[in-house]
Amino acid sequence: MNWQVLLFISLLSLDSVLGQVSYSIPEEMAKGSLVGNIAQDLGLEIKRLISGKAKIYTRNSDEYIELNRERGVLLVKERIDREALCTETALCALHFQIILENPMEFYSVTIQITDINDNAPTFEKSEMKFKISESAITGAKFVLERAVDLDVGINDLQSYELKPADHFALKLHNNADGNKNVEMVLQKPLDREKQEQISLVLTAVDGGEPQMSGTMLIVITVLDVNDNAPVFTQSTYKATVTENSPKGTVVATVTASDADEGSNGKITYSITNTLDNVRKIFEVNTENGQVSLIGDIDFERSRHFQINLLASDEGGLTDSCKLIVDVQDVNDNKPEINIMSKSNVISEDAKLNTVVTMINTEDLDSAENGNVKCFISENVPFVLKTSSNNFYSLVTDSELDRETASEYNITVTCSDEGVPSLSSSVTLTLQISDVNDNAPVFERSSYEAYIVENNTPGLSIFTVKARDADWNQNARVSYILEDSSVNGVPVSSYVSVSADSGVIHAVRSFDYEQIKDFQFRVKAQDGGSPPLSSNVSVKILIQDQNDNPPQVLYPVQTGGSLVAEMVPRSADVGYLVTKVVAVDVDSGQNAWLSYKLQKATDRALFEVGLQNGEIRTIRQVTDKDAVKQRLTVIVEDNGQPSRSATVIVNVAVADSFPEVLSEFTDFTHDKEYNDNLTFYLVLALAVVSFLFITCLVVIISVKIYRWRQSRILYHSSLPVIPYYPPRYSDTLGTGTLQHVYNYEVCRTTDSRKSDCKFGRAGSQNVLIMDPSSAGTMQRIQSEKSILDEPDSPLEQKPPNNDWRFTQGQRPGPSGPHMPYGTHIRWTPKSGTRATGGPEVAMGTGPWPQPPTEAEQLQALMAAANEVSEATATLGPGTMGLSTRYSPQFTLQHVPDYRQNVYIPGSTATLTSNPQQQQATAQQATQQALPPPQASAQPEPPKAAQTPASKKKSTKKEKK
């Protein structure tokens with residue numbers, strides 16, 4: 001960039017040296033650009049600038065120039081914009097001083113800023129709008145906005161240009177301040193009818209390099225003036241009107257047009273007649289020019305009218321025309337029709353010549369205008385007959401059909417013989433009552449519907465519709481599915497039909513592969529009496545759905561043997577290895593198959609034909625290719641969604657069979673081994689999981705059972721109350737119970753807080769005793785008093801070895817009901833009972849010796865424990881348990897609580913005597929034969945337990 005240095009130095013004999021330097025630089029110089037070598041221009045050395053601490057002093061705070069002491073030059077510190085720095089003046093300069101110390105010196109520096117063309121001319125508005133009337137005269141001037149260019153000199157605005165210049169030209173005026181005013185002068189008249197809007201572009205250009213410009217759009221809207229008068233389409237109009245025409249009848253329409261627009265083109269119509277009565281009879285619509293009647297017109301008064309019409313616009317321009325109206329004469333008096341009698345309803349099975357209505361006519365005119373003739377409309381099953389002068393009868397002429405016409409509007413017209421003839425008419429409405437004479441008719445002779453297979457049962461397939469031409473109840477149609485079979489199966493198992501709506505629903509889900517279509521018949525029956533019916537054939541077509549995957553036919557996938565395709569190493573590109581053949585049992589688009597290569601040992605060696613499934617080589621086979629190649633081909637159909645199947649193709653790349661055999665020897669074995677290994681791993685995991693869950697359930701069940709037993713037997717707060725059966729007698733040494741006794745157990749929900757009570761007879765509330773049993777009862781009472789004492793010790797006697805029972809005589813449960821209570825039946829010594837039947841013969845027999853007190857206590861304690869265990873099985877919510885045992889249960893139903901029973905606190909162990917058991921069993925068998933379900937085999941003798949072993953088992957039970 002060119003820059004210029006001007007140096008002016010003057011020395012004054014003052015305390016300091018004064019000098020002045022002037023530079024000229026263009027604006028917009030880059031930061032750090034060189035302004036001038038101030039040291040050289042002032043004749044100073046660099047050392048002086050450094051030692052004098054030379055600095056720049058300026059009045060304002062903006063510093064655009066900086067001093068480099070080491071180089072002795074002035075540099076641009078900030079970018080200088082002349083337009084921003086000097087907005088009002090053309091000459092722009094920076095003034096500052098350079099000050100040195102020791103000795104004090106200062107120098108004035110002036111930097112002139114020259115302009116560059118960096119600003120284009122601009123308009124304040126991008127668009128100016130003018131509205132100019134089309135009547136504007138040539139030479140009219142319109143002031144335009146001038147452009148502004150911030151540059152000066154040659155870079156400032158130089159000229160304007162207006163395009164297009166068809167109607168307007170530019171004219172510039174120089175002002176005293178040097179600016180130019182721009183005017184637009186009309187050169188050619190405007191015509192709105194030809195061009196309603198004109199767009200011009202004003203361009204301002206400066207003189208810089210490169211040249212810059214600015215534009216402004218000028219939009220001119222041409223305003224309309226009233227320079228066109230209305231014009232009628234015709235100068236004379238003609239019209240005809242009939243006398244007695246009603247008010248508002250449009251006689252004629254006149255039309256005028258105006259080429260102007262807006263208010264200048266709005267036309268107003270008016271009637272200008274003043275002397276006659278035209279304005280009282282006719283009027284014209286001021287907007288559309290319709291001439292209509294506003295009064296009565298009578299031919300006898302005026303036969304024709306001349307109407308003068310005027311069309312005017314808003315500007316006062318007018319045009320006129322005339323309308324000639326001719327009046328046509330008519331017969332003024334109409335015949336009168338009187339209905340004497342009529343019927344409103346007639347049955348459709350009415351006989352011929354049935355009288356419906358009687359009519360009388362009258363005309364006030366005379367001569368020919370008074371002669372009246374009546375007739376009715378055609379195509380009706382009625383006829384009008386004359387009975388006498390001016391009297392008529394309306395009768396049936398043919399059979400009636402309500403379905404063809406349920407109602408007749410019969411118009412009776414009576415006209416005179418005048419010219420023109422006058423007539424009057426009356427309409428008779430006749431209803432036809434219905435008779436059930438039409439069967440339902442289906443809309444089509446047969447139906448055919450489609451349903452996609454695998455549908456949801458109950459799906460609506462389509463609707464059959466039958467219509468009955470009858471009315472009301474006779475037209476109420478019900479739909480019935482006729483009995484038929486499809487492939488031996490009733491059609492009702494395939495579809496059902498709604499009796500009211502005729503909607504056919506699918507009863508089952510259809511399979512296209514099993515049944516493709518079937519037919520049945522639907523009957524439509526009306527509600528008449530007797531009912532009429534018709535039927536229609538319906539055919540259901542099952543549409544295929546893509547519900548079957550492709551099936552691969554070749555190569556066949558076998559589990560035991562391996563099939564491989566052989567490819568020689570000399571195979572060229574495109575060599576056909578094999579072809580995958582697959583089928584799809586679906587049809588249509590669902591059966592279109594495509595083949596894709598899913599996985600391959602070497603994808604770069606083989607490809608599969610998309611449509612034909614041919615496997616070909618896509619490159620030359622080399623010696624580096626593996627002999628064993630495994631391809632996975634996926635076969636997809638074209639259904640939505642598509643289904644697929646995969647097939648594995650084994651390919652051997654070799655020239656000889658031994659080479660193939662060596663590579664594929666272990667292939668099948670590996671596959672089978674992997675398949676078997678996966679199967680056994682899954683099976684083992686399932687078995688281990690099942691065993692673990694089973695063991696866990698068993699352990700939890702055992703723990704819960706033992707916990708409940710321990711709480712019931714050892715932690716219960718219930719006292720054990722011994723009870724001896726009533727009428728127990730041992731005075732005679734028999735030791736028998738003579739009668740049957742029942743025991744009742746009552747427990748609440750919380751058994752541990754309940755009392756256990758024994759002792760009420762099954763059929764009595766009062767205990768009755770024999771005189772012979774008095775001693776026994778006294779003994780029982782004394783023993784009970786001993787048991788009731790909390791601190792009284794009870795020593796158990798050694799068990800009597802002669803007191804034994806067989807297995808059939810031992811008390812024990814018989815049936816699922818026995819755990820809920822205890823029932824013991826005792827029999828006299830003779831072995832017979834008065835109350836027992838044949839069914840209770842077993843289990844009877846004498847007591848060999850009377851039981852001791854310890855044995856009685858042991859049996860009763862065991863019975864109480866048995867009751868506690870039975871009650872514990874009741875769920876929550878059981879309010880109580882009362883079990884009464886019938887006499888049919890014998891001793892075999894009662895558990896033998898004396899066999900291998902250890903009483904805590906006692907050293908005695910009760911065991912059974914096998915010999916005594918056998919003897920007793922033989923005696924019981926001779927007495928009676930038991931029922932099959934009540935018989936039991938004798939148990940083998942069990943070894944007696946010692947007290948120590950009994951204690952161990954008891955401890956285990958507690959745990």
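Predicted model: local features only at pLDDT ≥ 70, side-chain atom pairs only at ≥ 80, totals over all residues.
**Close-ups of ring pairs and salt bridges**

View 1. Ring pairs tie F510 and F518 into a cluster with Y494 and F520. Look at Y494 as well: the charged end of R508 sits over its ring, 4.2 Å from the centre.

**View 2. F442 pairs up with Y447, one of 13 aromatic pairs in the whole structure.** Their planes meet at 75° and their centres are 6.3 Å apart, so this pair is edge-to-face. Both F442 and Y447 are buried.

**View 3. K516 lies over the face of Y512.** It's 4.9 Å from the ring centre.

**View 4. R82 and D115 form a salt bridge, one of 15 in the structure.** Their closest N and O atoms are 3.4 Å apart. R82 is buried at 2% relative accessible area, and D115 counts as buried because its 18% is under the 20% cut-off. E83 joins R82 and D115 in a salt-bridge network.

**View 5. K373 in strand β28 reaches E417 in the loop between β31 and β32.** Their side chains meet in a salt bridge at 4.0 Å, N to O, linking positions 44 residues apart. K373 is exposed at 54% relative accessibility, whereas E417 is partly exposed at 35%.

**View 6. E403 and R402 meet in a salt bridge.** The N to O distance is 3.7 Å, and both residues are buried.

Definitions and conventions: Residues numbered from 1 in each chain as written. Heavy atoms only, no water. Phe/Tyr/Trp six-rings, centres within 6.5 Å; stacked < 30°, edge-to-face > 60°. Buried < 20%, exposed > 50% of the residue type's maximum accessible area, 1.4 Å probe, protein only. Lys NZ or Arg CZ within 6 Å of the ring centre and 35° of its normal. Helix = DSSP H or I, 4+ residues; strand = E, 2+ residues; numbered from the N terminus.
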